[in-house]
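The following exercises are to be worked with the sequence and the model side by side. Each task is followed by a stepwise solution.

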Amino acid sequence: MFARVRPYANQFLEYCSRFCEIVVFTASKQEYADRMLDFLDPEKKFIKHRLFRESCTKIGKVYVKDLNRLGRDLVERRGDLLIFRDEL
């Protein structure tokens with residue numbers, strides 16, 4: 001496998017992981033995606049959860065990522081501001 005990582009990608013992952021949970025949800029097959037994610041985060045310190053094609057819903061020829069599969073409340077509350085997942 002050959003891959004090029006964008007400059008500062010690892011620093012970006014490290015920085016973001018301090019403030020939020022990093023979850024990768026891809027329509028790629030697990031055997032391919034795991035290899036790429038292990039390359040990006042070999043110690044599994046930054047990417048906390050991985051979801052693959054098996055977690056997608058196939059509609060016709062397209063794989064759709066169902067965010068309900070995360071098992072999390074995806075409503076963000078900041079003061080009087082509400083951001084709902086349906087509006088994203």
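**Exercise 1.** Which residues make up the largest nonpolar core?

*Solution.* This is a predicted model, in which local features need pLDDT of at least 70 and side-chain atom pairs count only at pLDDT 80 or more, while totals for chains, interfaces and linings use all residues. Residues are numbered from 1 along each chain as its sequence is written, and side-chain values use heavy atoms, with hydrogens and water left out.

Step 1. A nonpolar core is a set of buried Ala, Val, Leu, Ile, Met, Phe, Trp, Tyr and Cys residues joined through side-chain atoms within 4.5 Å. Buried means under 20% relative accessible area, exposed over 50%, and partly exposed in between (1.4 Å probe, protein chains only).

Step 2. The largest such core has 8 residues: L13, C16, I22, A33, L37, F46, I47 and F52. Helices α1 and α2 each supply at least two residues of this core; helices are DSSP runs of H or I with at least four residues, strands are runs of E with at least two, and both are numbered from the N terminus.

Step 3. Leaving aside residues up to four places away in sequence, I47 touches I22, V24, L37 and D41, where contact means heavy atoms within 4.5 Å.

**Exercise 2.** Determine how many disulfides the structure holds, and account for the result.

*Solution.* Step 1. A disulfide is a pair of cysteine sulfur atoms within 2.5 Å. The search of the whole structure finds 0.

Step 1. For C16, the closest cysteine sulfur is that of C20, at 5.4 Å, and therefore too far for a bond.

Step 2. The two cysteines may also be described by accessibility: C16 is buried at 17%, whereas C20 is partly exposed at 43%.
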